[in-house]
Amino acid sequence: MTREEFISSLTDLKEDKFAKTFVAKCDMIKGWDNCMAYWDQGEVAAAILVTLSKREPKVANLQLLHTFYKHRGKGLAKKLVNWDTVLKTAISDLEVDQRE
């Protein structure tokens with residue numbers, strides 16, 4: 001997802017104010033290459049910013065997640081949180097090795 005694609009989905013709704021924080025964070029760490037979007041009928045419904053740890057083994061760290069107000073309640077966050085950075089796709093809970 002690009003910065004322009006995310007910004008085109010911004011609304012003036014109070015419930016979407018956090019989206020501006022998402023943009024600022026991605027700009028600050030130059031993280032737009034690590035942003036993934038969930039698309040719904042041609043528009044960004046939710047987005048996640050993921051960074052990889054510097055140590056081995058590489059671990060994906062969830063930095064920010066934003067679901068646009070009109071798409072909330074659809075379970076999109078769950079789909080994005082199980083994003084595999086190597087496969088570049090969402091994986092099911094059964095495929096996720098949860099470690100602390």
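**Buried and exposed residues around helix α2**

Biologist: On the other side of α2, Lys20 and Met28 are exposed. Which residues of α2 are buried?

Modeller: This is a predicted model, in which local features need pLDDT of at least 70 and side-chain atom pairs count only at pLDDT 80 or more, while totals for chains, interfaces and linings use all residues. Residues are numbered from 1 along each chain as its sequence is written, and side-chain values use heavy atoms, with hydrogens and water left out. Helices (H or I, at least four residues) and strands (E, at least two) are DSSP runs numbered from the N terminus; buried means under 20% relative accessible area, exposed over 50% and partly exposed in between, with a 1.4 Å probe and protein chains only. By that rule, the buried residues of α2 are Ala19, Phe22, Val23 and Cys26.

Biologist: Within what arc do the buried residues of α2 fall?

Modeller: An α-helix has 3.6 residues a turn, so residues three or four places apart point the same way. The arc is taken from the directions that run from the helix axis to the C-beta atoms. Seen down the axis, the buried residues of α2 line one face of the helix, because they fall within an arc of 95°.

Biologist: How many residues apart in sequence are the parts that the pair of Phe6 and Trp32 ties together?

Modeller: Rings of Phe, Tyr and Trp (its six-membered ring) pair if their centres lie within 6.5 Å; planes under 30 degrees apart count as stacked, over 60 as edge-to-face and the rest as tilted. The structure holds 4 aromatic pairs. In one of them, Phe6 and Trp32 have ring centres 6.0 Å apart and planes at 50°, so the pair is tilted. Phe6 lies in helix α1 (residues 3-8) and Trp32 in the loop between α2 (18-28) and β1 (35-40), so the parts tied together are 26 residues apart.

Biologist: In which loop does Phe68, another ring partner of Phe6, lie?

Modeller: Phe6 counts as buried at 0% relative accessibility. The rings of Phe6 and Phe68 have centres 5.3 Å apart and planes at 45°, so this pair is tilted. The pair ties together parts that are 62 residues apart in sequence, because Phe6 lies in helix α1 and Phe68 in the loop between β3 (60-67) and α3 (76-81).

Biologist: Which residues do ring pairs link into a cluster?

Modeller: Phe6 and Phe68 are both buried, and Trp32 counts as buried at 12% relative accessibility. The cluster linked by ring pairs consists of Phe6, Phe22, Trp32 and Phe68.

Biologist: How many disulfides are found in the whole structure?

Modeller: A disulfide is taken as a pair of cysteine sulfur atoms within 2.5 Å. Cys26 is buried at 0% relative accessible area, and Cys35 is buried at 4%. The sulfur of Cys26 is 3.3 Å from the closest cysteine sulfur, that of Cys35, and therefore too far for a bond. Across the whole structure, the number of disulfides found is 0.
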